[in-house]
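Q: Could we go through this model together, beginning with the terms and then turning to the strands, helices and rings?

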Amino acid sequence: MKQDEKIPYKVYLTEDELPKAWYNVRADMKNKPAPLLNPGTGKPLQAEELYPIFCKELVAQELDNDNPFIEIPQEIRDCYKMFRPSPLVRAYFLEEALGTPAKIYYKFEGNNTSGSHKLNSAMAQAYYAKKQGLKGVTTETGAGQWGTALSMACAFFGLDCKVYMVKVSYEQKPFRREVMRTYGASVTPSPSTETEVGKRILAEHPGTTGSLGCAISEAVEAATTREGYRYVLGSVLNQVLLHQSIIGLEAKTAFDKIGVKPDIIIGCAGGGSNLGGLISPFMGEKLRGEADYRIIAVEPASCPSFTRGKFAYDFCDTGKVCPLAKMYTLGSGFIPAPNHAGGLRYHGMSTILSQLYHDGYMEATSVCQTDVFKAAEQFARVEGILPAPESSHAIKAAIDEALRCKETGEEKTILFGLTGTGYFDMFAYEKFHNGEMSDYIPTDEELAASLASLPVVE
């Protein structure tokens with residue numbers, strides 16, 4: 001490894017340098033995200049209409065388009081100290097292996113038991129639920145990272161935790177499921193017969209392997225029919241991107257410490273929590289005209305919301321019981337192929353990121369999963385970290401950009417988000433190594449059929 005004497009392999013912040021407030025990128029957006037709509041009336045949702053679903057303080061965060069900074073309560077900051085700050089790492093070994101003049105950095109969020117960035121929002125949402133005096137929370141999980149993080153946070157704050165896990169992941173990741181149960185959560189494969197909406201989905205789609213949209217429907221029904229419970233979500237929502245802004249804030253401070261400015265920022269994109277959190281302070285500078293960055297969202301070719309979806313109002317869930325959100329969507333009934341590995345399975349995208357993408361502040365690309373796992377393997381062999389499949393989408397794009405720099409001779413500085421580790425994803429790695437993994441790309445006809453069900457909003 002040829003290390004720059006001025007740039008350490010890992011950059012950590014001191015405790016005093018940790019962010020004391022989350023950054024709300026909406027405050028700097030000229031075009032704000034479109035409001036959530038009541039599915040019954042078609043009118044913008046008011047705060048009181050969301051109180052039966054979410055905690056009150058989280059509703060305020062969800063609807064806040066004006067305050068650029070929202071203070072992180074001391075109790076949450078104390079929780080963060082268990083696993084934050086996370087390191088900003090210079091990928092010297094990867095640079096050397098690629099023979100690129102590019103300088104590659106990654107923000108590593110896997111240094112906690114949940115193995116991912118999801119704990120940043122889980123701790124915050126569990127705290128607000130406890131503060132409100134609730135008994136417990138319900139949620140969905142796809143790859144299992146969010147369910148694991150929330151079960152940890154609920155155990156810490158003494159809350160009951162009910163998780164509806166996408167059936168294909170429930171069956172492929174028994175150890176992820178057991179970590180949740182170790183922390184006290186109950187875990188149900190979705191769709192299930194526990195809820196009315198689950199029964200309806202099973203009747204309409206017999207034998208389905210599920211989707212995040214299905215699991216969300218069940219979790220919302222479970223929360224709204226149980227006294228003392230509220231629903232919490234690990235991605236997509238404005239409040240979640242707000243909590244995850246701590247990733248980008250730490251990264252920005254770390255770059256400032258070493259006098260470096262990234263040219264290209266890359267994040268995997270499913271619902272938007274990781275990408276939104278990583279890019280937030282950099283996007284703020286871009287929106288205010290203070291700096292410019294090339295920002296790339298990377299999504300799976302099997303679930304291509306940005307690159308092949310439609311920017312329109314759609315239901316946030318398959319059961320059509322949740323509010324309508326204006327986002328890039330494949331249709332609420334879209335269910336990814338069973339061979340799709342890992343998370344990034346949601347049919348839509350964060351309203352914040354959707355608006356920013358629509359306005360041209362960022363770009364998007366889609367990648368096939370066999371290429372993603374090739375990149376993951378290459379990264380693991382030289383950098384020593386086994387990456388999660390979700391993160392590996394960003395790794396693939398970062399490698400592509402670094403190789404492009406090799407061709408042109410440009411010395412670009414690349415930052416990507418390493419959202420977590422892949423130690424609970426060995427079923428997928430096994431399929432890849434055995435040559436049993438295939439690429440599935442939905443046809444135009446399949447997407448057209450799914451998008452045909454979009455609600456008509458005047």
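A: A residue is called buried if its relative accessible area is under 20%, exposed if over 50%, and partly exposed in between, with a 1.4 Å probe and protein chains only. Helices (H or I, at least four residues) and strands (E, at least two) are DSSP runs, numbered from the N terminus. The model is a predicted one, in which local features need pLDDT of at least 70 and side-chain atom pairs count only at pLDDT 80 or more, while totals for chains, interfaces and linings use all residues. Residues are numbered from 1 along each chain as its sequence is written, and side-chain values use heavy atoms, with hydrogens and water left out.

Q: How many of the residues of E5 are buried?
A: Five of the six are buried, so E5 is largely enclosed by the rest of the structure.

Q: And which way do the residues of E15 point?
A: Thr 413, Leu 415 and Gly 417 point one way, and Ile 414, Phe 416 and Leu 418 point the other way. All of them are buried, so that E15, with six of its six residues buried, is mostly covered.

Q: In what order do the strands of the open sheet come?
A: The order of the seven strands is E1-E4-E5-E15-E10-E11-E14, with mixed pairing. Two strands count as paired if DSSP finds at least two bridges between them.

Q: Which strands stand at the edges?
A: Strand E1 (10-11) and strand E14 (363-367) do; each has a single partner strand, so one side of each is left without a neighbour in the sheet.

Q: How many bridges join E4 to E5?
A: Three bridges join them, and the two strands run antiparallel. Arg 90 stands opposite Tyr 105 in E5.

Q: What about E5 and E15: in which sense do they pair?
A: They pair in the parallel sense over six bridges. Lys 103 stands opposite Thr 413, and Tyr 105 has Leu 415 as its bridge partner in E15.

Q: Which residue in E15 does Ile 264 stand opposite?
A: Ile 264 stands opposite Ile 414. Strand E10 (residues 264-268) and E15 run parallel and are joined by three bridges.

Q: How many bridges join E11 to E14?
A: Five bridges join strand E11 (residues 294-300) to E14, and the two run parallel. In E14, Val 367 is the bridge partner of Pro 300.

Q: Changing topic, which residues of H2 are buried?
A: In helix H2 (residues 56-63) they are Leu 58, Val 59, Gln 61 and Glu 62. They lie on the same side of H2, because they cover an arc of only 160° around the axis, taken from the directions from the helix axis to the C-beta atoms.

Q: What do they pack against?
A: The buried residues of H2 pack against several elements, including helix H1 (47-50), helix H5 (119-131) and helix H11 (238-258). Contact here means heavy atoms within 4.5 Å.

Q: Now the rings: how many aromatic pairs are there in the whole structure?
A: A search finds 18. Rings of Phe, Tyr and Trp (its six-membered ring) pair if their centres lie within 6.5 Å; planes under 30 degrees apart count as stacked, over 60 as edge-to-face and the rest as tilted. Phe 54 and Tyr 231 form a tilted pair, 6.0 Å centre to centre with 40° between the planes.

Q: Where in the chain are Phe 54 and Tyr 231?
A: Phe 54 is in the loop between H1 and H2, and Tyr 231 is in strand E9 (residues 229-231), 177 residues apart. Both are buried.
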